[in-house]
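Let's take a friendly walk through a protein model together. Have the sequence and the 3D view open, and follow along one site at a time.

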Amino acid sequence: MVIYLPMKISAAKNCSVVLNKILGLVYPPRCHYCGSAFGLFDGRILCPECRNKILLNNPPFCSKCGRPTDTSVADCPHCRDHSYVFDGAYSCCIYEGIIKECIHNFKYSSRLRLQELFSELMCEFAEKHMPINGIDWIVAVPLNRSKFRERTFNQSEILGVNLSNILGIPLMRNNLVRLKSGEPQISLRYRERQNNIRDSFGLLRPSDVKDKAFLLVDDVFTTGATANECAKVLKKSGAGNITVFTLAKSVSPLPLRGLL
Ligand SMILES: [Zn+2]
Ligand SMILES: [Zn+2]
């Protein structure tokens, strides 16, 4: 027989702190990245040293593509050569080192606990640097069907769900969909990526997006071709402002002008 004993919230919190201390002594948490044992059993996945080594994308950054730059205008070398349909893009980290490995482990080794770290980073960034007032919906970049079958989750939707819960902005599900699977984008240049991804997305309920402002969420911004294609589909059906928000931004050397 289960006996329900009502407990005051403060007493429950004290119990939880004591329990975490005991758990921390018996099973010291180990850092996901370096493996060192650290602190209390409080849900953190990286030790403080590794957490501090994550390369955050600090302003100024280009207001169009989110790339670190010298001034906060849409005039970085990348944007001089590319035209985007979305209105702005933000990325909270630089896609290198610890965060790159964490994203790989999340996507390809299903280390789903990492979503807590990612959500914390994205929410901190959004609150500090992004104009989130006026956004009607969060929408995640859809994953192609074969990858979804293989992975069983869409990493961008997980980020979107968490952002929606924390920022209090509703998540639009099952509307923006992937219509076809192209080649993997990883080794392609911007123009090749554009061609590969063209006409890959569609809307099941186009009227739902009319005059709505969106936060389009993805894990990594590389050339922006995928986000741009999603933005095209949304804008074609009358969507208003579209802000792209990614966990990390690739700042690897750009393809040479003329070879794009
Ligand atoms: Zn560590
Ligand atoms: Zn730019």
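The zinc ion (ligand 1) sits in a tetrahedral site, with angles of 104 to 112° among its four donor atoms. Four donors count as tetrahedral if all angles lie between 85 and 135 degrees. Ideal angles at a metal are 109.5 degrees for four tetrahedral donors. Before going on, note that this is a predicted model, in which local features need pLDDT of at least 70 and side-chain atom pairs count only at pLDDT 80 or more, while totals for chains, interfaces and linings use all residues. Residues are numbered from 1 along each chain as its sequence is written, chains are lettered from A and ligands numbered from 1 in the order in which they are written, and side-chain values use heavy atoms, with hydrogens and water left out.

Which residues hold the zinc ion (ligand 1) as protein donors? They are Cys31, Cys34, Cys47 and Cys50, each through its SG atom, lying 2.3 Å from the ion. Donors here are N, O and S atoms within 2.8 Å of the metal (3.2 Å for Na, K and Ca); water is not among the atoms, so sites may look incomplete. Along the sequence, the spacing of these donor residues is C-x2-C-x12-C-x2-C. Cys34, in the loop between α1 (9-26) and α2 (48-53), and Cys50, in helix α2, are 16 residues apart and link distant parts of the chain. Helices (H or I, at least four residues) and strands (E, at least two) are DSSP runs, numbered from the N terminus. Cys34 is partly exposed at 43% relative accessible area, whereas Cys50 is buried at 3%. Buried means under 20%, exposed over 50%, and partly exposed in between (1.4 Å probe, protein chains only).

Now find the zinc ion (ligand 2). Its protein donors are the SG atoms of Cys62, Cys65, Cys76 and Cys79, lying 2.2 to 2.4 Å from it. This site is tetrahedral too, with angles of 102 to 116° among the four donor atoms, and the donor residues are spaced C-x2-C-x10-C-x2-C. Cys65 lies in the loop between α2 and α3 (77-81), and Cys79 in helix α3. Cys65 is buried, with a relative accessible area of 0%, and Cys79 is buried at 13%.

Finally, look for Ser250, in the segment after β6 (242-249). Is Ser250 buried or exposed? At 9% relative accessibility, Ser250 counts as buried. Leaving aside neighbours within four places in sequence, Ser250 is in contact (heavy atoms within 4.5 Å) with Arg67, Tyr95, Phe221 and Thr222.

Note on methods. Tetrahedral: all angles 85-135°; square planar, octahedral: opposite > 155°, others 65-115°.
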